[in-house]
Amino acid sequence: MAAYRTVVVGTDGSNSSFAAVDRAASVAGDSGATLVVVCAYYPANKGDVEKAQDVLGDEAYQVVGSAPAEDTLLSARDRAAKAGAKNIETAAVVGDPVDALRKVVADRSADLLVVGNRGLNTLAGRILGSVPSEVARKSGVDVLIVHTT
């Protein structure tokens with residue numbers, strides 16, 4: 001089997017998702033692949049932004065819009081570099097995590113998608129579907145589900 005060329009990993013900033021980033025970075029580093037770290041987010045509506053600005057003033061940017069996702073991606077990038085990835089890209093994508101990951105996999109012609117296992121063993125995950133199970137079914141590429149919990 002040829003080495004992976006592009007590895008995509010999803011993170012939401014949780015310790016569980018950072019464990020998946022660490023594993024994806026190790027795989028990418030070992031195979032000389034590009035690592036793309038993805039964080040999905042929902043944009044704040046105008047009312048949320050105005051409320052935050054009233055309360056927080058200039059600091060509002062830290063809790064609305066894409067700022068939290070960008071902060072998560074910066075932390076994930078640092079972790080990935082320490083775990084051995086050499087070529088690291090990041091993507092903050094508006095929308096549902098499953099759709100965001102599938103979009104980045106397609107856009108970057110990725111050949112491996114890495115996610116943590118959080119949600120697989122929960123009641124809600126079994127009834128509604130979890131991010132790991134949904135991407136495993138829908139991604140169309142190899143999926144590595146990292147045991148993180």
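The model is predicted: local features need pLDDT of at least 70, side-chain atom pairs count only at pLDDT 80 or more, and totals for chains, interfaces and linings use all residues. Residues are numbered from 1 along each chain as its sequence is written, and side-chain values use heavy atoms, with hydrogens and water left out.

**Chain overview**

- The chain has six helices and five strands. Helices (H or I, at least four residues) and strands (E, at least two) are DSSP runs, numbered from the N terminus.
- Read from the N terminus, the element order is β-α-β-α-α-β-α-β-α-α-β.
- The chain has 149 residues, and 40% of them count as buried. Buried means under 20% relative accessible area, exposed over 50%, and partly exposed in between (1.4 Å probe, protein chains only).
- Accessible surface comes to about 8100 Å², with 50% belonging to carbon and sulfur atoms. The areas come from the Shrake-Rupley method with a 1.4 Å probe; for residues, only the protein chains shown count as cover.
- Among contacts with a separation of 6 or more, 73% link residues 24 or more positions apart. Contact means heavy atoms within 4.5 Å.

**Helices H1 and H3**

- Two packed helices are described by the angle between their axes and the distance between the axes.
- H1 (residues 15-31) packs with H3 (residues 67-82) at about 40°, and their axes lie 9 Å apart. Axes are lines fitted to C-alpha atoms, for helices over the stretch in contact; angles run from 0 to 180 degrees between N-to-C directions.
- That angle makes H1 oblique to H3. Angles under 35 degrees count as roughly parallel, over 145 as roughly antiparallel, 65 to 115 as roughly perpendicular, and the rest as oblique.
- H1 contributes Phe18, Val21, Asp22 and Ala25 to the contact, and H3 contributes Thr72, Ser75, Ala76, Arg79 and Ala80.
- The contact residues divide into five nonpolar, two polar and two charged. Ala, Val, Leu, Ile, Met, Phe, Trp, Tyr, Cys and Pro count as nonpolar, Asp, Glu, Lys and Arg as charged, and the others, Gly among them, as polar.

**Thr6**

- Thr6 sits in strand E1 (residues 6-10).
- Thr6 counts as buried, at 13% relative accessibility.
- Leaving aside residues up to four places away in sequence, Thr6 touches Ala33, Thr34, Val36, Arg108, Ser109, Ala110, Asp111 and Leu112.

**Lys138**

- Lys138 belongs to helix H6 (residues 131-138).
- Lys138 is partly exposed, with a relative accessible area of 39%.
- Lys138 and Asp99 are 39 residues apart in sequence, and their C-alpha atoms are 9.5 Å apart in space.
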